[in-house]
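Hi,

Here is the structure I promised to pass on. Have a look at it first, and my notes on what turned up follow below.

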Amino acid sequence: MSEDHDHGHDHSELSEVALRVRALETLLVEKGYVDPAALDALVETYELKVGPRNGARVVARAWTDPAYRERLLRDATAAVAEFGYSGRQGEHLVAVANSPDQHNLVVCTLCSCYPWSVLGLPPVWYKAPSYRSRAVIDPRGVLAEFGVTLPATTNIRVWDSTAEMRYLVVPERPSDSEGLSEQQLAALVTRDSMIGVGLALSPVGSAS
Amino acid sequence: MNGAQDLGGMMGFGPIEIERNEPIFHATWEKRALAITLATGFCGLWNGDIGRHARETLPPAAYLSKRYYDIWISALEKLTVFTGMLDVVELREGKALTPPREVPNKLLAADVARVLARGAPYDRPATAPAAFAFGDTIRAKVMNPTTHTRLPRYARGKIGVIEAVRGAFVFPDSNAHGGGEDPRWVYTVRFTARELWGDEADATVTVSIDAWEPYLERA
C-alpha cells in the first residue's frame, strides 16, 4: 500500500515502525483483546467526525452571541457540550480569549495534551520537541515562525497543559467581518488560531 | 522523573516542522497506532498516568528521535508485555503463542461513539479544603522524583501566583504507580517569564502551569 510509504527521509525506520504496529495489531486481535471493527470506528471518528471544525463553530458562536461567549469563558466544558461536543481529551475544557492586549498560546511541554473534542488530533509539530521546548521560553520566536508578529506591547500568555485542563483559544474576531453569518465566520477560524499560533483569517483574504 | 519528555526551555531542536494542509495521519500505520493504543487502553489494565509514564521512561535518545505515534507504540509494547497481555516472543514473531489473559473490558465497535463521547473525567470529590486561593503567591517546590510527576523542571523553585482553583483531580504522581487516585487540588499558577528565565526575558510574557497542590508551597 503506497500509504505505508511515508513522507520523510527515514524510510527504512518508518517501515520498521509500520511492521511493529502491524504485529501488535495482529496479536491484539488474535488474542481477542481488541475488536477490529472498533479500531476502524476509532480511526473513522478522528478522520471524519471530530476535528477543528468543531472548535470553529464554537468560536463563531462566541463571536456572535455575547451570552454564549460569557458561558464559554466561564465553563467551556458545558458551553461546548451545547454543540454536542464532549468526551475524550475534552473532559475539562478551558476557553481563553485573545484581546488587543493579550494573546494566548497553548502548549503541552510534557507530552501532547490537546483539546481533542474541539480540535481533533494534534498536528505533528504540536507533539514535537521544537515546539514543546520553545513555546514557553520564546513564544514570540515561535509565533514568528508561524508568520504571526504581534505588537511588542501585546502581552503573551502561554498555557502549559500540565494537568487535565485542555485549552481552547478564542481568537479575536477579524475586523471587516460584520454582516457575515455564523457559518461564514466559522470558516475564518483556523485550527492554528485556536491553539494560538495563528490569527483568524480576514474575510477579504479568504473569500473565494 | 527528569526524562526527555520534560522539554520546556530546552534548545537546539531547530525550526518547528510546520506543514501546510497537514493530513490527519501521514501513513496507515499511524491510524492503526492511534486505534490500538486507545482500544488496548480501554481493556483497563493501566490508566492514563501509567501510559504517560511508560512513554517518558523510553531512553531519552529514543524519545527525542521517534515520531510521536512511535513513542505511543513503544510504550504500548512495554505495557502489553508488562501486564502479561503479550509476551516478547509473540511481539517478535508477530503471532500468538500463549492464551490470552483476562482483561476487565473490551471496546466493541458499537460502543466506540458512546465511550469517546463520555471520555474519562479526572475530577474527583475533594477530600480536604483547598490550601491555596486565588491571588496567593506560591513557590513551586524543588523536587526531583525518579517517578512520574507533572511538575515541569522549568517551574521548580519558581514563584508564581494562583490564578485559578480548578478543583480536585486524580493525582498522577500516585496514580501512575499503583498508589490509587489520591485526588488533590489543582491550581493554575502563573509565572512571569523573567521569574522563569531571568532578567533578559520578555517582560510581556507570562507562562502558567496547572499544578497539583503537593507541588506547591507558600512563598
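**Strand 4 of chain B and its surroundings**

Strand 3 (residues 184–192) of chain B pairs with strand 4 of chain B in the antiparallel sense, over seven bridges. Pairing here needs at least two bridges found by DSSP between the two strands. Strands (E, at least two residues) and helices (H or I, at least four) are DSSP runs, numbered from the N terminus. Within this pair, Arg190(B) has Ser208(B) as its bridge partner in strand 4 of chain B.

Before going on, some housekeeping: this is a predicted model, where local features need pLDDT of at least 70 and side-chain atom pairs count only at pLDDT 80 or more, while totals for chains, interfaces and linings use all residues. Residues are numbered from 1 along each chain as its sequence is written, with chains lettered from A and ligands numbered from 1 in the order in which they are written.

Strand 4 of chain B also pairs with the other chain: strand 3 (residues 155–160) of chain A runs parallel to it, joined by five bridges. There, Arg157(A) has Thr206(B) as its bridge partner, and Asp160(A) stands opposite Ile209(B).

How much of strand 4 (residues 205–212) of chain B is buried? Eight of its eight residues are, so the strand is largely enclosed by the rest of the structure. (Buried means 20 or more other C-beta atoms within 10 Å of the residue's own, with C-beta atoms placed from the backbone.) Val205(B), Val207(B), Ile209(B) and Ala211(B) point one way, and Thr206(B), Ser208(B), Asp210(B) and Trp212(B) point the other way.

Now for the chain contact. It takes 72 residues from chain A and 76 residues from chain B, counting two residues as in contact if their C-beta atoms, placed from the backbone, lie within 7 Å. On the chain A side, the largest share is the twelve residues from helix 1 of chain A. By class, that side has 37 nonpolar, 17 polar and 18 charged residues. (Nonpolar is Ala, Val, Leu, Ile, Met, Phe, Trp, Tyr, Cys and Pro; charged is Asp, Glu, Lys and Arg; the others, Gly among them, are polar.)

Lastly, chain B is divided into domain 1 (28–118) and domain 2 (137–218), with bounds from an automatic or database domain assignment. Their contact takes five residues from domain 1 and four residues from domain 2.

Cheers

Technical notes:
A residue is buried if 20 or more other C-beta atoms lie within 10 Å of its own, exposed if 12 or fewer, and partly exposed in between; C-beta atoms are placed from the backbone.
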